[in-house]
Amino acid sequence: MIDVHATIRTFLLADGTLAALVNTRVFAGRDVPPPGTNPGDGPCLTFKVRGGAGGYRGRDYEDALVLPSVQFKAYGRSELEAYGVYRALVDALHNGHGASILHAEEAGVGQPLEEPDTEWRFVLSFFDVMVRSA
Amino acid sequence: MPVDWYEREVLLKIEGATDEALTALAFHGEELAKVNIQANGQIDTGFMLNSTYGLGPTGSHRAEAEAEATAVAERQMAGPPSLEEDQAAIHAAAEYAIYQELANSFLYRAVEQLQEEAGGIIEDVARRKGL
């Protein structure tokens, strides 16, 4: 089966603007940054699949396409920096396509929020992504 | 921090549904969301569970939800969403519900489950209406 998280992470890190902002701090399969990572040290991005369709399972295309709904949280040291990461994410992923991403589309506009426990600022967004076997 | 969070994408479009069917869908979606909350282990006081309710053109479970939720915790529920005449909703009215949803989805998952079951629910309502 396609590794959706790894595929999306690779796709995002190939975007120069986004990579310049977050370096390699793109955490797949996570709601919040991992222990030891503090958005106060620099912006980062977390994402995870929250649902979606299993994909097209025609005879010749078994597991060739997965259509997840993906939740993204763009963190920054301030609301503005978080929004900058979010904008870079949209530029990289919305209407994006490549060898492994057939199509991606943002579902609604990102919403600035704050983690209740840590007060980290982030922008929440969701994308529908069509991931295919490269 | 109170959050009003509406997600366009958590929308399930049902063509040709009656008002009764829309409301029945919302009530069933409420049940599914509550089952998911329990399955996800997202119960502390029970406020979020009890303050999740369905509403539609012909009815709302908000009053019951408010009575049950405020009986288990001293919190206020977020105000009801304003719906157009052909809309129904499942409202998770605890202000912290969004963070539970992001950590482990109970609402989006309920809508996906509802999508799979919607045909059956609409058929049941149509039968009761003699359609």
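Helix H3 of chain A (residues 79-93) buries A:Ala82, A:Val85, A:Tyr86, A:Ala88, A:Leu89, A:Val90, A:Ala92 and A:Leu93. Bear in mind that this is a predicted model. Those buried residues are covered by elements of chain A including helix H1 (4-13), helix H2 (16-22), strand E2 (44-53), strand E3 (65-76), strand E4 (101-106) and strand E6 (121-132). As for geometry, the 15 residues of H3(A) should span 21 Å at 1.5 Å a residue, and the end C-alpha atoms do sit 21 Å apart, so the two agree. Just after H3(A) comes A:Asn95, with a positive phi of about 65°.

Now over to chain B. The largest nonpolar core has 29 residues, and B:Met77 and B:Phe106 touch the most other members. Elements giving this core two or more residues are helix H1 (19-39), H2, E1, helix H3 (62-72), strand E3 (89-92) and helix H5 (107-128), all of chain B.

B:Ser51 sits in the loop between helix H2 (47-50) and strand E1 (52-56) of chain B. This serine is buried, at a relative accessible area of 0%, and its side chain reaches the backbone oxygen of B:Phe47 at 2.7 Å.

Here are the contacts of two chain B residues, leaving aside neighbours within four places in sequence:

| Residue | In contact with |
|---|---|
| B:Ser51 | B:Ala65, B:Ala69, B:Met77, B:His91, B:Ala92, B:Ala93, B:Ala94 |
| B:Met77 | B:Phe47, B:Ser51, B:Tyr53, B:Arg62, B:Ala65, B:Glu66, B:Ala69, B:Ala93 |

Conventions: Residues numbered from 1 in each chain as written. Chains lettered and ligands numbered in written order. Predicted model: local features only at pLDDT ≥ 70, side-chain atom pairs only at ≥ 80, totals over all residues. Heavy atoms only, no water. Helix = DSSP H or I, 4+ residues; strand = E, 2+ residues; numbered from the N terminus. Buried < 20%, exposed > 50% of the residue type's maximum accessible area, 1.4 Å probe, protein only. Polar contact = N/O pair within 3.5 Å; in protein donor to acceptor, adjacent residues only side chain to side chain. Contact = heavy atoms within 4.5 Å. Core = buried A, V, L, I, M, F, W, Y, C linked by side-chain atoms within 4.5 Å. Expected span 1.5 Å × (residues − 1).
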